[in-house]
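Student: I have the sequence and the model open, and I would like to work through the fold step by step. Please start with a term I will need.

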Amino acid sequence: MKIAIIDYGSGNIQSVQFALQRLGHNGILSADPEVIATADKVMFPGVGEASSAMNRLQKTQLDLLIPQLRQPVLGICLGMQLLCKTSEEGNTACLDIFDTAVVRFPNTVKVPQVGWNTLYNLRSELFKGIPEQEFMYLVHSYYVPLTKECIAAADYGICYSAALQRDNFFGVQFHPEKSGLMGEKLLSNFLKL
């Protein structure tokens, strides 16, 4: 299986690569459209700020390629947010795959949310074998409100979408590569899609 990890200079790529190695797979780090387009699975991780990340995608024209992908694609953290329509972070136009805006947590909670949080309302093959109320690791200041594309929810002062799915595109706000056995289970499920 050929697994491409989109390399656009936005963090946590090596931890995703190591998680795949623990599952017996090698992920190819690449910004090459040909490598990404011909992969069996595409992983789109990210840590950082939305507008600068979108600028990097635009410079390599990956912003045009990603929405056209037909194989399973998994956006992680910022990667999931960039799959949305817009982000309040830097008033950024994103990839418009998920029809929703990314917004900042209210001032009533400590930002960023850092640490373990439980997921519920799990609805997807991505969560096969993962129980309700399972803990996953998160680090984020912005979130996706509940939407029809939500396949898992979490609470942090407000109920929000912890995972999204539309056709072959999946997004998780949490870091499966840092979420222990259940995070590895989710990655394994993704690779079986």
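Tutor: Two strands pair if DSSP finds at least two bridges between them. Keep in mind that this is a predicted model.

Student: Which residue in β12 stands opposite V144?

Tutor: Start with the strands. β10 spans residues 142-145. β10 and β12 pair in the antiparallel sense, over two bridges. In β12, the residue opposite V144 is S161.

Student: Which residue in β12 is the bridge partner of C150?

Tutor: C150 belongs to strand β11, residues 150-155. Five bridges join β11 to β12, and the two run antiparallel. In β12, C150 has as its bridge partner L164.

Student: Which residue in the turn of the β11 and β12 hairpin has a positive phi?

Tutor: The hairpin has three residues between its strands. Look there for a phi of about 75 degrees. The residue is G157.

Student: Is D167 buried or exposed?

Tutor: D167 is in the loop between β12 and β13. Its phi is positive, about 55 degrees, although D167 is not a glycine. Exposed means over 50% relative accessible area. D167 has 63%, so it is exposed.

Student: In which sense do β5 and β7 pair, parallel or antiparallel?

Tutor: β5 covers residues 84-87 and β7 covers residues 98-104. Three bridges join them. The sense is parallel.

Student: Which residue in β10 stands opposite R104?

Tutor: β7 pairs with β10 too, over two bridges. This pairing is antiparallel. The residue in β10 opposite R104 is Y142.

Student: Which residue is joined to P112 by a cis peptide bond?

Tutor: Most residues other than glycine have a negative phi, and most peptide bonds are trans. P112 lies in the loop between β7 and β8. The bond into P112 is cis, with omega near 0 degrees, and the residue it comes from is V111.

Student: What is the relative accessible area of N91?

Tutor: N91 sits in the loop between β5 and β6. Its phi is near 45 degrees, a positive value in a residue other than glycine. N91 is exposed, with a relative accessible area of 72%.

Student: Why do the buried residues of α3 count as lying on the same side of that helix?

Tutor: The buried residues of α3 are A50, A53, M54 and L57. They lie on the same side of α3 because, around the axis, they cover an arc of only 100 degrees.

Student: Which residue with a positive phi follows α3?

Tutor: α3 spans residues 50-59. Its buried residues are covered by elements including β3, α4, α5, β5 and β6. After the helix comes a residue with phi near 60 degrees, Q61.

Student: How far apart are the C-alpha atoms of Q14 and L29?

Tutor: Q14 is in helix α1. Q14 is exposed, with a relative accessible area of 53%. Q14 and L29 are 15 residues apart along the chain. Their C-alpha atoms are separated by 8.9 Å.

Student: Which residue follows α1 with a positive phi?

Tutor: α1 spans residues 13-22. Its buried residues are I13, S15, V16, Q17, A19 and L20. Among the elements that cover them are β1, β2, β3, β4 and α6. The residue after α1, with phi near 85 degrees, is G24.

Student: Which elements give two or more residues to the lining of the largest pocket?

Tutor: The largest pocket is lined by 13 residues, and nearest its centre are G48, C77, V139, H140 and S141. Two elements give two or more residues to this lining: α5 and β9.

Student: How much space lies in the largest pocket?

Tutor: Rolling a probe the size of a water molecule over the atoms shows where empty space is left. By class, the lining has five nonpolar, six polar and two charged residues. The space in this pocket is about 200 Å³.

Technical notes. Residues numbered from 1 in each chain as written. Predicted model: local features only at pLDDT ≥ 70, side-chain atom pairs only at ≥ 80, totals over all residues. Heavy atoms only, no water. Helix = DSSP H or I, 4+ residues; strand = E, 2+ residues; numbered from the N terminus. 1 Å grid on protein atoms, 1.4 Å probe; cavity = no way out; pocket = protein on both sides within 12 Å on 5 of 7 lines; lining within 4 Å. Points joined across faces, edges and corners; volume = space filled by probe spheres on them. Nonpolar A, V, L, I, M, F, W, Y, C, P; charged D, E, K, R; others polar. Buried < 20%, exposed > 50% of the residue type's maximum accessible area, 1.4 Å probe, protein only. Arc of directions from axis to C-beta. Contact = heavy atoms within 4.5 Å.
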